[in-house]
Amino acid sequence: MQVRLGSLKCIDIIRGAYFRNNIKRFINGNEKVLFVGGGTGASLEDYCKAGLNITFTDINAEAVNYTKRAFEHKNYQIEFNCCSAYMLPYENSTYDIIVSTLNGSYFNGDSLAEFRRVLKFDGIVLLSETTSEYVDYLKSIGRYDGRYILSSDFRLKIWHPYVYTKQNLLELAASYDFECLQYDILTPNNLIPCKIISSVILVLAKHLNTSVDDVPFLYYMILRKRDDFK
């Protein structure tokens, strides 16, 4: 099946490739993982196949139920829960890893404080988000209204008003005593074979004076919890 460059499916494939090439080195197979704002579970399968103990959450009950149904016939260890990132119903120091993908709308001090609380010492946060370059361009051509992050037909149209730059993220993470272990801007280059290219991506590449293979789609940041925040 051909994947359209610029679609949500394309983003999912990029995240999968990044997991295999980068994130797996942080995993030994015994970790407890918390998905916060997991949506419809697009990146859940990669973590399940690694044999991890997973808790999947989203504030949208429909999204949680959708993902639960999609995974109910698979032999994975997943607990599902509908809850807010600002008030996670878990004990202190419970999880080794938190995964938060395309959730910039709540990536702020309130959620970071909760992430710190439920993470074990040296626990990590795996964060991915659309780049500011991509969103700024969608805004400039009238294809971004705060709901359609990738201008695609995503069934759950969640309000998503915030877009961060690298500096924004580093400063915010540091203010809650998270250390940045790795920061990458993900592009299609060497990650996915794409033969159908969205006109938005073609014009964005021209706008950025770069090749289509180097269009910045996602940033990915790996944060580590350090000494207790004071």
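Which residues in helix H5 (residues 132-140) are buried? They are Ser-132, Tyr-134, Val-135, Tyr-137 and Leu-138, where buried means under 20% relative accessible area, exposed over 50% and partly exposed in between (1.4 Å probe, protein chains only). This is a predicted model, in which local features need pLDDT of at least 70, side-chain atom pairs count only at pLDDT 80 or more, and totals for chains, interfaces and linings use all residues. Residues are numbered from 1 along each chain as its sequence is written, and side-chain values use heavy atoms, with hydrogens and water left out.

**Helix H5**
- The cover over the buried residues of H5 includes E6 and helix H7 (199-207); helices (H or I, at least four residues) and strands (E, at least two) are DSSP runs numbered from the N terminus.

- Contacts of Ile-54 (heavy atoms within 4.5 Å) include Val-33, Gln-77 and Glu-79, residues up to four places away in sequence not being counted.

- Ser-93, with phi near 55°, lies in the loop between strand E4 (78-82) and strand E5 (95-101), and is partly exposed at 43% relative accessible area.
- Asp-122, with phi of about 70°, is in strand E6 (residues 119-130) and is partly exposed at 33%.
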